[in-house]
Amino acid sequence: MSGIVGTYFGSDQSASHSDLQRMVDILEHRGPDGKGVWSEGPAGLGHRMLWTTPESKRERLPLSDKTGDLVLTADARIDNRQELLALLDFARRPGQEVTDSEIILSAYEKWGERCPERLLGDFAFAVWDRRRQVLFCARDHLGVKPFFYYHSGQTVIFGSEIKALLCLAEVPRRLNEVKVADYLSDVLQDKAITFYKGILRLPPGHCLTASRKGVSLREYWSLDPSRELRLGSDDEYDEAFREVFTEAVRCRVRSVLPLGSTLSGGLDSSSITCVARQLLQQNGNHPLQTFSAVFDEVRECDERPYIDAILAQGGLESHYVYPEQTGPMGDLERVFWHADEPPYAPNLYILWSLYRAAGHRGVRVLLDGVLGDQAVSHGTAYLAELAREGQWKAFADASHRLSEYFQSPPLRYLEHYGTAQLARLARRGRWLALADQSRQISKHFDVSPRKLILRHGIWPLAPKAVRSSWRALKMRARQREPWASIVKPEFARRVGLKERFQVLEGERLKPAGSEREHHFRSLTSGAYSYGLEVLDMAAAAFTVEPRHPFVDRRLVEFCLALPPEQKLANGWSRFVLRRAMAGILPDEVRWRERHSNLSGSFTHTLLTLERQRLDETILNDPSTIEEYVDLTTLREKYRRFLPDGRPGPAVTVWKAANLALWLEHADIRP
């Protein structure tokens with residue numbers, strides 16, 4: 001993790017050295033090991049240096065080529081170094097002397113704007129091409145490294161964090177009310193907009209080109225949902241997964257200082273920790289430091305038995321962290337300053353505590369298991385395929401095991417993935433088959449065949465007008481659509497929220513045609529890249545670089561291409577990961593039957609630590625959000641939350657309070 005900034009003025013205006021200096025200075029937390037500023041004519045680049053890899057200690061950025069025609073600033077870790085060193089004519093120099101920034105600059109010199117397609121790793125960079133008078137910027141495939149920019153006409157101003165852009169007079173500080181509506185209604189599919197008008201994110205897998213002709217964006221990479229991997233046996237799948245996963249971890253243990261890893265006791269962080277430990281031991285490195293959140297107040301959230309099973313294998317230096325001492329709204333002023341926006345991440349306080357502990361221990365690089373669920377996939381959409389094939393026992397076994405793992409009712413899986421098959425039979429007039437399938441289902445689920453036939457077979461055949469009227473009546477009884485439950489109706493109409501929701505979220509909410517399509521939607525969701533961005537900002541607060549092996553492009557492509565039965569089989573989700581970690585993970589972790597649910601700690605700390613602040617924001621003085629929020633509905637939800645900390649309204653209450661406090665902190669208006 002480092003910090004990058006830059007400006008480009010396509011007109012006759014020259015880049016200002018002092019402006020760039022201010023932008024670099026405000027990002028000091030991202031790189032205390034050095035800073036640099038370069039400007040020439042219309043372009044200027046800046047950099048904050050954080051030493052994380054052995055090669056990074058040799059880097060001096062911004063970096064120019066020998067002619068001075070190309071200048072680079074980058075926040076990057078390149079993983080396919082050996083391949084690129086051979087292709088880019090670095091043969092005369094020892095590989096350990098070549099920095100990642102030199103590789104990127106040489107790649108641009110050889111392949112031009114196609115160079116991001118050749119890079120593996122996490123990166124955000126900008127190249128000023130003096131010969132072409134072009135500024136070229138790129139962000140990594142999955143969006144690990146942040147990149148924000150503002151453009152107006154021929155002007156482009158960019159940086160690793162929004163606060164760097166706001167240093168300049170050219171960038172307006174105005175609230176984007178569309179983003180406010182998105183935030184309140186859980187619309188996370190827009191990968192570009194921010195809470196500031198005119199300030200955008202460069203989407204993952206995209207590059208930006210700025211010149212006197214204007215600014216253009218291009219997608220240079222996307223996941224291929226049509227690719228399918230077929231191997232000969234489970235053993236072959238296990239070996240292939242283990243190889244790709246180990247390489248994803250190996251690339252991320254390249255560190256110049258002691259390395260750390262989060263260890264929650266779940267499959268993801270435990271797998272990363274155990275593989276990283278093996279790799280470090282092979283190379284004779286310092287022991288891996290682990291950081292584990294533990295919970296004394298709400299013991300059902302505590303994972304110490306699983307954490308201790310990993311620690312018992314030895315070779316780790318462990319640290320326990322107690323996030324309940326601060327809670328979801330602790331250290332809020334600092335969180336807002338670093339995030340620049342109100343973060344939509346209820347469990348951020350846990351990661352904030354882990355990053356703080358790692359930073360205090362001198363750990364610069366922290367491995368993390370986030371987004372492992374999305375990378376490997378639980379394979380739940382495969383249930384729909386089992387239903388179409390009439391494999392109701394397999395469907396029921398998987399549903400009951402999933403319900404235990406996620407602590408949710410088995411009928412949820414039947415309703416979501418199985419009943420479409422009954423409607424399909426009814427539409428085709430196959431009544432005997434419908435009756436037979438309903439009887440088979442009733443053997444495994446606590447529901448009568450008659451109810452299944454009426455609700456899921458006959459009701460879908462009713463005229464569309466009848467079904468629409470019935471849904472409208474139900475919505476009227478609930479007063480409004482669930483996604484707009486606390487949004488003020490006049491505000492929703494003003495920003496076109498209903499239409500926006502239908503466009504951005506409508507396709508995602510439709511049933512997926514296959515498990516692979518469902519997996520693809522999860523990996524390409526706006527929430528995916530947004531989550532990575534939130535983690536980057538939180539870790540940067542403590543000068544820590546988070547690294548995510550499950551967000552390795554090769555691993556993600558491999559898992560997406562797997563057959564569905566490698567993700568869900570014998571009632572076990574994420575089956576290939578569980579099998580592949582044999583001999584690496586303790587069996588009590590590898591075959592654990594219950595997924596941790598941290599909502600209990602979240603609601604408990606809100607009630608015990610934040611009651612006064614919630615009362616003040618929601619009941620006494622909600623003036624900062626009254627233009628956007630239906631206060632009657634919000635207060636009703638708050639009253640339902642207060643007696644026993646119900647998780648349903650908890651996130652809604654927290655989100656509204658979070659927005660109100662951020663608006664007050666940011667002092668920003670439309």
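**Buried rings and nonpolar cores**

Pro328 is buried, with a relative accessible area of 10%. Buried here means under 20% relative accessible area, exposed means over 50%, and partly exposed lies in between (1.4 Å probe, protein chains only). The model is predicted: local features need pLDDT of at least 70, side-chain atom pairs count only at pLDDT 80 or more, and totals for chains, interfaces and linings use all residues. Residues are numbered from 1 along each chain as its sequence is written, and side-chain values use heavy atoms, leaving out hydrogens and water.

Pro328 sits in the loop between strand 15 (316–321) and helix 9 (332–339). Helices (H or I, at least four residues) and strands (E, at least two) are DSSP runs, numbered from the N terminus. Not counting residues up to four places away in sequence, Pro328 touches Pro346, Tyr349, Phe602, Thr605, Leu606 and Trp654. Contact means heavy atoms within 4.5 Å.

Aromatic pairs come next. A pair of aromatic rings is described by the distance of the centres and the angle of the planes. Rings of Phe, Tyr and Trp (its six-membered ring) pair if their centres lie within 6.5 Å; planes under 30 degrees apart count as stacked, over 60 as edge-to-face and the rest as tilted. The structure holds 21 such pairs. Tyr108 and Phe136 form a tilted one, with 5.8 Å centre to centre and 35 degrees between the planes. Tyr108 belongs to helix 3 (residues 100–111) and Phe136 to strand 7 (residues 134–139), 28 residues apart. Both Tyr108 and Phe136 are buried.

Tyr183 and Tyr344 pair edge-to-face, at 5.7 Å centre to centre and 65 degrees between the planes. Tyr183 lies in helix 5 (residues 177–184) and Tyr344 in the loop between helix 9 and helix 10 (348–360), so this pair ties together parts 161 residues apart in sequence. Tyr183 is buried at 4% relative accessible area. Tyr344 also counts as buried, at 18%. One aromatic cluster is formed by Tyr183, Phe195, Tyr196, Tyr344, Phe602, Trp654 and Trp662.

In soluble globular proteins, nonpolar side chains tend to be buried together. A nonpolar core is a set of buried Ala, Val, Leu, Ile, Met, Phe, Trp, Tyr and Cys residues joined through side-chain atoms within 4.5 Å. The largest core has 166 residues, and Phe125 and Phe241 have the most contacts inside it. Helix 28 (residues 647–666) gives the largest share, 11 residues. Beyond four places in sequence, the contacts of Phe125 include Ile4, Leu72, Phe136 and Phe147. A second, separate core of 23 residues includes Leu386, Ala387, Ala396 and Leu414.
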